[in-house]
Amino acid sequence: MLTDSFDRAVASGRLAEAEEIVSRFERTTTDPLGEATAQRMRGELAAAKGDTAAATSALEQAIATARTAGRMDLLAGGWL
């Protein structure tokens with residue numbers, strides 16, 4: 001799964017690879033859940049780069065998008 005590849009790349013410090021994965025994902029996603037996932041990925045990538053302001057903004061957007069899509073289960077399930 002693409003998100004698993006992203007998570008592994010971030011965890012191992014391969015941030016350029018993670019950037020490419022999230023960019024590819026953003027180009028292909030069209031639904032609100034995909035948009036929320038991309039925002040979560042952007043937040044995690046920003047955090048890994050030490051940009052806390054961008055991380056906070058992206059994660060807040062991911063939460064708002066998940067709520068708007070009616071996917072509160074993602075928030076309760078530790079997705080963010």
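**Overall fold**

Modeller: Read along the sequence, the chain runs α-α-α-α-α. The count is 5 helices and 0 strands, with helices (H or I, at least four residues) and strands (E, at least two) taken as DSSP runs numbered from the N terminus. The radius of gyration of the chain is 12 Å, close to the 12 Å that the globule rule gives for 80 residues, so the chain is as compact as a globular protein of that length. That radius is taken over C-alpha atoms, and the rule is 2.2 Å times the number of residues to the power 0.38.

Colleague: Where does the model come from, and what are the ground rules?

Modeller: This is a predicted model, where local features need pLDDT of at least 70, side-chain atom pairs count only at pLDDT 80 or more, and totals for chains, interfaces and linings use all residues. Residues are numbered from 1 along each chain as its sequence is written, and side-chain values use heavy atoms, with hydrogens and water left out.

Colleague: How much of the chain counts as buried?

Modeller: Of the 80 residues, 32%. Buried is under 20% relative accessible area, exposed over 50%, partly exposed in between, with a 1.4 Å probe and protein chains only.

Colleague: Which box do the C-alpha atoms fill?

Modeller: Roughly 35 × 25 × 20 Å, along the principal axes.

Colleague: Switching to α3. What does α3 reach from its first C-alpha to its last?

Modeller: Helix α3, residues 32-48, has 17 residues and reaches 24 Å, close to the 24 Å expected at 1.5 Å a residue. The expected span is 1.5 Å times one less than the number of residues.

Colleague: And what do the buried residues of α3 pack against?

Modeller: They pack against α1 (2-11), α2 (15-28) and α4 (52-68). The buried set of α3 includes G34, A38, M41 and L45.

Colleague: What happens at the start of α3?

Modeller: A side-chain oxygen of D31 reaches to within 3.0 Å of the backbone nitrogen of L33. Just after α3, G50 takes a positive phi of about 85°.

Colleague: Now V10. Buried or exposed?

Modeller: V10 lies in helix α1. V10 counts as buried because its relative accessibility is 17%.

Colleague: What does V10 touch, leaving out residues up to four places away in sequence?

Modeller: V10 touches L15, A18, E44, L45 and A48, where contact means heavy atoms within 4.5 Å.

Colleague: How far apart are the C-alpha atoms of V10 and A38?

Modeller: They are separated by 14 Å, with the two residues 28 apart along the chain.

Definitions and conventions:
Polar contact = N/O pair within 3.5 Å; in protein donor to acceptor, adjacent residues only side chain to side chain.
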